[in-house]
Amino acid sequence: MVTSYYPKHAFTENRWATEKETRYQMEDDLINSRLLVGKTKAEVVQIVGLEGNELKSDSWRYFMGKKPGFTFESSQIEVNYKDGKVETVGRMKPTD
């Protein structure tokens, strides 16, 4: 099994906006803090932006950068809505 180390940071709106290639460093905090859960689409847009997602969609994806390691896999999170509010935020599984 191969593991990679990379620094982890607390989510901040400024870091999110300015450090797009290293957002994976904030991934755990963004998911575990449940910051987006219960928020409306408008509130999520204020915090993390729309970034090509469709307002009418109930599943939004955000690019988190390429994690260091042998595979350099891209990381994404998925924000899922139910009844107009965020129900879940989680990591997307890598595709083969």
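A polar contact is taken here as a pair of N or O atoms within 3.5 Å, of which, within protein, one must be able to donate a hydrogen and the other to accept it, while residues adjacent in sequence count only if both atoms are side-chain atoms. The structure is a predicted model, in which local features need pLDDT of at least 70 and side-chain atom pairs count only at pLDDT 80 or more, whereas totals for chains, interfaces and linings use all residues. Residues are numbered from 1 along each chain as its sequence is written, and side-chain values use heavy atoms, with hydrogens and water left out.

The protein contains three helices and three strands, the helices (H or I, at least four residues) and strands (E, at least two) being DSSP runs numbered from the N terminus. Read from the N terminus, the elements follow the order α-α-α-β-β-β. Of the 96 residues in the protein, 29% are buried, where buried means under 20% relative accessible area, exposed means over 50%, and partly exposed lies in between (1.4 Å probe, protein chains only). The accessible surface, computed by the Shrake-Rupley method with a 1.4 Å probe, for residues with only the protein chains shown counting as cover, comes to about 6300 Å², and carbon and sulfur atoms account for 50% of this area. Among the contacts (heavy atoms within 4.5 Å) with a separation of 6 or more, 42% are between residues 24 or more positions apart.

The three strands form an open sheet with the order 1-2-3 and antiparallel pairing, two strands being counted as paired if DSSP finds at least two bridges between them. Strand 1 and strand 3 (85-91) stand at the edges with a single partner strand each, so that one side of each is left without a neighbour in the sheet. On average, and with direction ignored, neighbouring strands of this sheet are turned by 20° against each other, the axes being lines fitted to C-alpha atoms, for helices over the stretch in contact, with angles running from 0 to 180 degrees between N-to-C directions. Seven bridges pair strand 1 with strand 2 (residues 74-82) in the antiparallel sense, and Arg61 has Glu78 of strand 2 as its bridge partner. Strand 2 and strand 3, which also run antiparallel, are joined by six bridges, and Ile77 stands opposite Arg91 of strand 3. The hairpin of strand 2 and strand 3 has two residues between the strands, and in this hairpin Asp83 takes a positive phi near 55°.

Helix 3 lies across strand 1, strand 2 and strand 3, and runs at about 15° to strand 1. With residues up to four places away in sequence not counted, Leu36 touches Leu30, Val44, Ile47, Val79, Val86 and Val89. Val48, which is placed in helix 3, counts as buried because its relative accessibility is 4%.

The loop between helix 3 (41-48) and strand 1 (59-66) holds Asn53, which counts as buried because its relative accessibility is 13%. A polar atom of the Asn53 side chain lies 2.9 Å from the backbone nitrogen of Arg61, and, leaving aside neighbours within four places in sequence, Asn53 is in contact with Trp60, Arg61 and Tyr62. Glu51 is also placed in the loop between helix 3 and strand 1, and has a positive phi of about 45° although it is not a glycine; at 36% relative accessibility, Glu51 counts as partly exposed. Most residues other than glycine have a negative phi. A positive phi, near 60°, is likewise found at Arg34, in the loop between helix 2 and helix 3, where Arg34 is exposed with a relative accessible area of 53%. In the loop between strand 1 and strand 2, Lys67 counts as buried at 16% relative accessibility, and its side chain is joined to that of Glu27 by a polar contact of 3.1 Å.
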